[in-house]
Amino acid sequence: MQHDEQVNYLFFNYFGEKAVYIEQLAAAGSDRIYFRVKSLHYSAIACYGSDSKENLTFIHHAQHFKQQQLSVPQVYCHTDDFLYYLQEDLGNTSLYDIIRKVGVTENVEQLYKKAIDGLIDLQIKGAIDFNFDSCYPIKSFDKSSMFWDMNAFKYYFVRMAKIQFNEVELNKDFHALCDELLKEKNLYFMYRDCQARNIMIHEDKPYFIDFQGGRKGAPQYDLASLLWQAGAKIPMEKRIEWLDYYIQKLSNYININKQEFKERYYGFVLIRMLQVLGAYGFRGLIEKKPHFIESIIPALENIKWFLDNRLFPIELKELEKTLYILIESDLFTNELKKYPKNSPLSIEINSFSFKRAIPEDKSGNGGGFVFDCRGILNPGRYEPYKNQHGKDKEVIDFLEQKTKVKDFLENVWRIIDINIEDYIARNFEHLQINFGCTGGQHRSVYCAEQTKKYIESRYPVKVTIRHIEREMNGQYI
């Protein structure tokens, strides 16, 4: 079954109405796929995630928080294998969308304070009777968990930036940072990814999403995630003011030594910034996703301000030295130049049958890439797949499990990456990519669809797709 079929099944099974509209939502940082699904009277968000344990964790957390009357989406239902679930539709507007559009206005400040109030409820009330054994992949923000983040920073970011450092001394600094942070009480629900992108504003109220990575931890980490999100560009005076607001509100629930709390808060700011750079290194420098590359420079600006103002009292010489070298490196500004925010490039992808002509390039550029998929074993030779096409799950499974299509596409993508990056840098406006097979039904359709997903996950360009043979037969997919 395709995603649409599973989504339709869940929607009809829960609401009793057939969906009349299914829209795949723009991809974010994760590999999960989201859809907005609507019928005449209902709307919901469907999710597909290939990691059933992660999905089960989200569903467990959401159900617990809903019982505690916290501001999270309701999960309506899920498939038996937990690969798909249906949840409440909270609209399209995140707190991040608002602050990026208008800055810190009076209304935005009130929204942040509401978000802080809701965060405290999530951390304190959410931890009541919470089964931390359900957390995935680890139940506590302990030393090993911290080291995952710091090693990701070291290997995905520092190594990728080709920065020289003393690994032994850097590891000593990592241990010193962890030991200090672990002095803080580790008793609360730590959201783990409390950033403004994960706070939806629905009917003027903040709702928290994407908390499946949560675990037991100290409260400062989540506030650090929220206030030091690089892309939000919250003015420093507001970060300080809202930290005081948080401490004042949190004091209604737990006893706080304000000086120690603040000092360790800035330690959590530091480890969060390292975690973020590790993620940007993997998603940006390795996977080449433009959004993450664009975020590197604001993140380094955050770190420079942090280091220059000596906010954390523990001496971490090798870490500070490494961070200052990163800040001064021109690698990231050069990398950013490859991906202008508003590229005029439009990429046209076609699947076609070699029984007909290669698709005409009407842009006037004389054509682009043509890839011959006929060397891949044809599902159309087998009776169960003859009336299916390259978007059907059964055909996808056949191609991915019984052919070398993945190797084929990896090589295709290496080739087209060169042109796409060059075309973006030179402000070109059009590129055509064609996939042909015998019937234009299975292999070429699959390759075209996978390539569209690949390009959209990496480049800020417009991608259109046509399945020419299917259209000519009146079979639109």
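Q: Which residues line the largest cavity?
A: The model is a predicted one. A search of the whole structure finds two cavities of 30 Å³ or more. The largest cavity is lined by Leu270, Phe306, Leu307, Arg310, Leu311, Phe312, Ile314, Leu316, Leu319, Glu320 and Leu323.

Q: Which element gives the most to the lining of the largest cavity?
A: Two or more lining residues come from each of α10 (290–308) and α11 (317–328). With three residues, the element that gives the most is α11.

Q: How many residues in the lining of the largest cavity are nonpolar, and how many charged?
A: This cavity holds about 80 Å³ of space. Its lining includes Arg310 and Glu320. No polar residue is counted there, and the division is nine nonpolar and two charged.

Q: How many residues of each class line the second largest cavity?
A: About 40 Å³ of space lies in the second largest cavity. Its lining is made up of Phe141, Met146, Leu181, Leu182, Glu184, Lys185, Asn186, Ala218 and Phe268. By class these are six nonpolar, one polar and two charged.

Q: Which helix gives the most to the lining of the second largest pocket?
A: This pocket has a volume of about 210 Å³. Lining it are Lys183, Glu184, Lys185, Tyr188, Pro219, Ile254, Asn255, Ile256, Asn257, Glu260, Phe261 and Arg264. By class the lining has five nonpolar, two polar and five charged residues. Three residues come from the helix that gives the most, α9 (residues 258–286).

Q: What span should helix α1 have at 1.5 Å a residue?
A: Helix α1 covers residues 3–15, which is 13 residues.

Q: Within what arc do the buried residues of α1 fall?
A: The buried residues of α1 are Gln6, Val7, Leu10, Phe11 and Phe15. An α-helix has 3.6 residues a turn, so residues three or four places apart point the same way. In α1 the buried residues line one face of the helix, because seen down the axis they fall within an arc of 135°.

Note on methods
Residues are numbered from 1 along each chain as its sequence is written. This is a predicted model: local features need pLDDT of at least 70, side-chain atom pairs count only at pLDDT 80 or more; totals for chains, interfaces and linings use all residues. Side-chain values use heavy atoms; hydrogens and water are left out. On a 1 Å grid over the protein atoms alone, a cavity is a set of points where a 1.4 Å probe fits but cannot get out, and a pocket is an open set with protein on both sides within 12 Å along at least five of seven lines; lining residues have an atom within 4 Å of a point. Grid points are joined across faces, edges and corners, and a volume is the space filled by probe spheres set on the points. Helices (H or I, at least four residues) and strands (E, at least two) are DSSP runs, numbered from the N terminus. Ala, Val, Leu, Ile, Met, Phe, Trp, Tyr, Cys and Pro count as nonpolar, Asp, Glu, Lys and Arg as charged, and the others, Gly among them, as polar. The expected span of a helix is 1.5 Å times one less than its number of residues. Buried means under 20% relative accessible area, exposed over 50%, partly exposed in between (1.4 Å probe, protein chains only). The arc is that of the directions from the helix axis to the C-beta atoms.
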